[in-house]
Amino acid sequence: MSAARENVSLPFKLYCLTVMTLVVATYTVALRYTRTVQTELYFSTTAVCITEVIKLFLSVGILAQESGSLSRLIASLKENVFGSPKELLKLSVPSLVYALQNNMAFVALSNLDAAVYQVTYQLKIPCTALCTVLMLKRSLSKLQWFSVFMLCGGVTLVQWEPAQATKVQVEQNPWLGFGAIAVAVLCSGFAGVYFEKVLKSSDISLWVRNIQMYLSGIAVTLFGVYVSDGAQVLEKGFFYGYTHYVWFVILLASVGGLYTSVVVKYTDNIMKGFSAAAAIVLSTVASVILFGLQLTTTFLVGATLVCISIYFYGFPRQDTTRIQPAETKSPKERLDSV
């Protein structure tokens, strides 16, 4: 992976960074818009289900390109997907957790401003760090632990005196929104680390694993539609309330999830930290313009701390247990350097 990063030009890395930032920020703001402005509210459970279907087709397309021929694609699907029920069952765990996480995002953005959501959702970093320590037996550097506590402090400030949106007239429940984010970050941390552990346990392609997960995800999300909105969906239709904006949100969610793997492959943690911080800034600016968000001092200070902590957390770890030998110079070299 490091070799791949070295062979990629800086303009391409900046392109990846820019696209990732725009996708994350636009998705959050657009989802918030569809949940607070539209009069006929769509069923969020159906949107999550359609997202899984689109991700499945995109993953099959990428695997087809990776395989090189239709016969190899079919053979790979037969061997690793349809012929491996145990693997499908294994990937049903993150499918279930991710489905819950995605539904919680809709609940959160129905009750919280996009900027407040974007900042608070960064709690997924300490949650992921904790799951990494417990499940993958890794350790964090002192700077990473410091950044985790700084991030938690920043989020606390943001929630201490939440910024209010003056242009949003729908009824909202901030506590429900905060609770939904709490569930979402827990799901994000566990599912991400679990999926990483599954990926590294074998040499199976990332896109094969994605297909396995999305097949399970479709079944899980369809069950969620039936349980949560079954009667209303039968009465009003699966695509009730869908507009061009809703399809845009679904497209962003579908492409954004797959694009993350490209960003992880060709960029580093510091660039991803910049991307997350820039997404917070863009979401805040968009919320002020679109939703009349009134910024408070505690929000600004807290958001700044969160951005700084993300940057610190992405610093590469250095081995400080060994003393690097000092560079020795010959007497002639020392005289030449004077």
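How many helices and strands are there in the chain?

1. Overall make-up. The chain has 14 helices and 2 strands, where helices (H or I, at least four residues) and strands (E, at least two) are DSSP runs numbered from the N terminus. The model is predicted: local features need pLDDT of at least 70 and side-chain atom pairs count only at pLDDT 80 or more, while totals for chains, interfaces and linings use all residues. Residues are numbered from 1 along each chain as its sequence is written, and side-chain values use heavy atoms, with hydrogens and water left out.

2. Of the 338 residues in the chain, 46% are buried (buried means under 20% relative accessible area, exposed over 50%, partly exposed in between, with a 1.4 Å probe and protein chains only). Among contacts (heavy atoms within 4.5 Å) between residues at least 6 apart in sequence, 89% join residues at least 24 apart.

3. A buried serine. Ser59 lies in helix H3, residues 44-67. Ser59 is buried because its relative accessible area is 0%. Beyond its neighbours within four places in sequence, Ser59 is in contact with Trp207, Asn210, Ile211, Tyr214 and Leu258.

4. Salt bridges. The count comes to 4 salt bridges (a side-chain nitrogen of Lys or Arg within 4 Å of a carboxyl oxygen of Asp or Glu). One of them joins the side chains of Lys90 and Glu87 at 3.5 Å, N to O; both residues lie in helix H5, 3 residues apart, about one turn of the helix. Lys90 is partly exposed, with a relative accessible area of 30%. The side chains of Glu87 and Arg209 also meet in a salt bridge, at 2.5 Å, N to O. Glu87 lies in helix H5 and Arg209 in helix H10, so this pair ties together parts that are 122 residues apart in sequence. Both Glu87 and Arg209 are buried.

5. A further pair. Lys200 and Glu196 form a salt bridge through their side chains at 2.9 Å, N to O. Lys200 counts as exposed because its relative accessibility is 60%, whereas Glu196, at 22%, counts as partly exposed. Salt bridges that share partners join Glu87, Lys90 and Arg209 into one network.

6. Leu290. Leu290 is found in helix H12. With 44% relative accessibility, Leu290 counts as partly exposed.
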